[in-house]
Amino acid sequence: MKRYSCKAIPSSSAVWQLACWMILVALMVVGFPAHANESCKSLLATGNPEYPPYLWRDPEDENRLIGANAEWMQLLSKEIGVPIDVKYVGPWGRVQEEAKLGRVDLLAGAFFTQPRLEYMDYFYPAFRETRTVIWTRSNFNLPYKKWADLTGKQGVTVINNSFGEEFDRYAKESLKISMVPSLEQALKMLSLSRADYLIYEEDPGLAYVAKLNITGLKTVSPPITNENLYLTLSHKSPCNTPEMRGRIAKAVYKLDKQNVMNKLIASNIQLWRKQQSK
């Protein structure tokens, strides 16, 4: 960056000194916007690492997340003209803390809750709808038709998971649900009869049941919720500017119209199965 100085002007020339300093300040102010734009040369994205076929850790590089959502983020990157690195930063609970602190920019898939609005901006429309179900053992009698049927039973789910504001509120007030760090641990607890039911999304649950070779589990209807997955941007991200939010919002809308997620999910279901068979 070119440096400017008023030292060459004699101090006796007070008017010229003042004029010089005013010009120098103006040049510095003009230079600030360019510097601000340069501060967002890339974006760091992350998400739930136990979420196949949407997201999971790359077996060949466990610091990297792959899956349908990760591929969708690369399409988004091309649209906004900024590289997006999709990395593993920890389990889902840790991911949300990192977003609160602004140590990650984007979450590649989050349900809507009002508390999350305090530290993230949501982009519309949602890029995927997911189905959350009740999992239980095949030999366990759980006559479930409505949320109240879960009263008195011991449930389990993953820390900081949300299943929609209405159900979250009901569960907090009326149900007994333990929180564990990972889906793998929750599934094992259920299979070992340490919980009566598990609440989790259907597709990732099926993927992990196959991976862990767990038998004797089933899902019951109706689903708990059908929830939308959104892209979010941390309030504390240095890239969270009106200009960048506009670019991302426009790109999300375009990708939604192109309906790319169905193809990405189908191909990543096959990739997950192929990896688990090795």
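Student: Helices are DSSP runs of H or I with at least four residues and strands are DSSP runs of E with at least two, both numbered from the N terminus, so which of them each supply at least two residues of the lining of the second largest pocket?

Tutor: Those are strand 3 (55-58), helix 6 (202-212) and helix 8 (261-276), and helix 8 has the largest share with three residues. Before going on, note that this is a predicted model, in which local features need pLDDT of at least 70 and side-chain atom pairs count only at pLDDT 80 or more, while totals for chains, interfaces and linings use all residues. Residues are numbered from 1 along each chain as its sequence is written, and side-chain values use heavy atoms, with hydrogens and water left out.

Student: Fine, but what counts as a pocket, and what as a cavity?

Tutor: On a 1 Å grid over the protein atoms alone, a cavity is a set of points where a 1.4 Å probe fits but cannot get out, whereas a pocket is an open set with protein on both sides within 12 Å along at least five of seven lines; lining residues have an atom within 4 Å of a point. Grid points are joined across faces, edges and corners, and a volume is the space filled by probe spheres set on the points.

Student: How much space lies in the largest pocket, then?

Tutor: The largest pocket holds about 610 Å³, and of its 23 lining residues, Pro115, Asn160, Asn161, Ser162 and Asp168 are the closest to its centre. Helix 3 (92-101), helix 4 (165-174) and strand 9 (176-180) give two or more residues to this lining, with helix 4 contributing the most, at six.

Student: And how does that lining divide by residue class?

Tutor: With Ala, Val, Leu, Ile, Met, Phe, Trp, Tyr, Cys and Pro counted as nonpolar, Asp, Glu, Lys and Arg as charged, and the others, Gly among them, as polar, the lining of the largest pocket has nine nonpolar, six polar and eight charged residues. For the second largest pocket, of about 310 Å³, the lining has ten nonpolar, four polar and five charged residues.

Student: How many cavities of 30 Å³ or more are there?

Tutor: The count comes to one. The largest cavity has about 90 Å³ of space, and its lining includes Tyr51, Phe111, Glu201 and Leu229.

Student: Switching topic: is threonine 130 buried or exposed?

Tutor: Threonine 130 is buried, because its relative accessible area is 3%, where buried means under 20%, exposed over 50% and partly exposed in between, with a 1.4 Å probe and protein chains only. It lies in strand 7 (residues 120-137), and its contacts (heavy atoms within 4.5 Å), not counting residues up to four places away in sequence, include Tyr51, Phe111, Glu201 and Leu229.

Student: What about strand 6, why is it called largely enclosed?

Tutor: Five of the five residues of strand 6 (residues 106-110) are buried, so the rest of the structure largely encloses it. Taking strands as paired if DSSP finds at least two bridges between them, strand 6 pairs with strand 1 (residues 43-46) in the parallel sense over two bridges and with strand 11 (residues 217-234) in the antiparallel sense over four. Leucine 231 in strand 11 is the bridge partner of alanine 108.

Student: Where does Leu231 stand in the largest nonpolar core?

Tutor: A nonpolar core is a set of buried Ala, Val, Leu, Ile, Met, Phe, Trp, Tyr and Cys residues joined through side-chain atoms within 4.5 Å, and among the 68 residues of the largest one, Trp72, Met73, Leu76 and Leu231 touch the most other members. Leucine 76 also touches Leu231 itself, along with residues including Ile84 and Ile248.
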